[in-house]
Amino acid sequence: MSIRSAGYSVNEDILLCRMHLDVSQDPITGVNQSRDQFCGRVVDAYNNTKEDFWESHTKKSLQHRMQMIEKAIRKLNGCVRQVENLHPSGASEQYICTQAKALLMQDPNFKKGFKFDHVWVIMMEFEKFNDVDFGRKKPRKQGYDNISSESENPTPDSPNLSFPNLSLWVLDSEDILA
């Protein structure tokens, strides 16, 4: 039976994200590496750089933590794009981020909010978390899937943030027009 290790500190998350970015952007190795090789390189870089007094984490634990961070970053990035697509006049980055976090919390998987502010600045601009296929239209889904980063971005006349206290999956454009 395995023993559960301690949770991750802010500094451990920051180091893990930096090592993930460094390994993924390494021009020498490039993209021609297997998933296992990539993860192994991230774990090695993390373990070689971490402070000696930090808790040791297994490869599986580090992979799981990075997957959690990636999922949250992708989701928040999608919410930021949705807020930006509403073209709020004169909105600051802080306002957009606050609205995006409120939108994120409407997803049942993120009802406790965004927990990775400490790595958001590091990861938000990383190409992996930005949609590059803007030309392809995806069918509109009903339900809270509309807040995912993979979903179609709403138009400025979309109800998604016009009424921030209403749930996305309860409101439909036909309901507003009726």
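What share of the contacts in the chain with a separation of 6 or more comes from residues 24 or more positions apart? In this predicted model, such residues account for 71% of those contacts, a contact being a pair of heavy atoms within 4.5 Å. Local features were taken at pLDDT of at least 70 and side-chain atom pairs at pLDDT 80 or more, while totals for chains, interfaces and linings use all residues. Residues are numbered from 1 along each chain as its sequence is written, and side-chain values use heavy atoms, with hydrogens and water left out.

The secondary structure comprises six helices and zero strands, where helices (H or I, at least four residues) and strands (E, at least two) are DSSP runs numbered from the N terminus. Of the 178 residues, 40% count as buried, that is, under 20% relative accessible area with a 1.4 Å probe and protein chains only.

The pLDDT, the predictor's confidence in each residue from 0 to 100, averages 75 over the chain, and 66% of the residues score at least 70. Among the elements, H4 has the highest mean pLDDT (94) and helix H6 (residues 173-177) the lowest (36). Residues 132-178 have a pLDDT below 50, and this stretch makes 69 contacts in the model beyond near neighbours in sequence. Where pLDDT is low, the predicted coordinates should not be read in detail.

Helix H3 (residues 59-85) packs against helix H4 (residues 93-104) at about 120°, with the axes 8 Å apart. Axes here are lines fitted to C-alpha atoms, for helices over the stretch in contact, and angles run from 0 to 180 degrees between N-to-C directions. H3 is therefore oblique to H4, the class left once angles under 35 degrees (roughly parallel), over 145 (roughly antiparallel) and 65 to 115 (roughly perpendicular) are set aside. By class, the contact divides into eight nonpolar, two polar and three charged residues; Ala, Val, Leu, Ile, Met, Phe, Trp, Tyr, Cys and Pro count as nonpolar, Asp, Glu, Lys and Arg as charged, and the others, Gly among them, as polar.

H3 also packs with helix H2 (residues 35-49), at an angle of about 100° and with the axes 10 Å apart. H2 and H3 are therefore roughly perpendicular to each other. Arg35, Asp36, Cys39, Gly40, Val43 and Tyr46 of H2 meet Lys59, Leu62, Gln63 and Gln67 of H3, a contact with four nonpolar, three polar and three charged residues.

Terms used: Buried means under 20% relative accessible area, exposed over 50%, partly exposed in between (1.4 Å probe, protein chains only).
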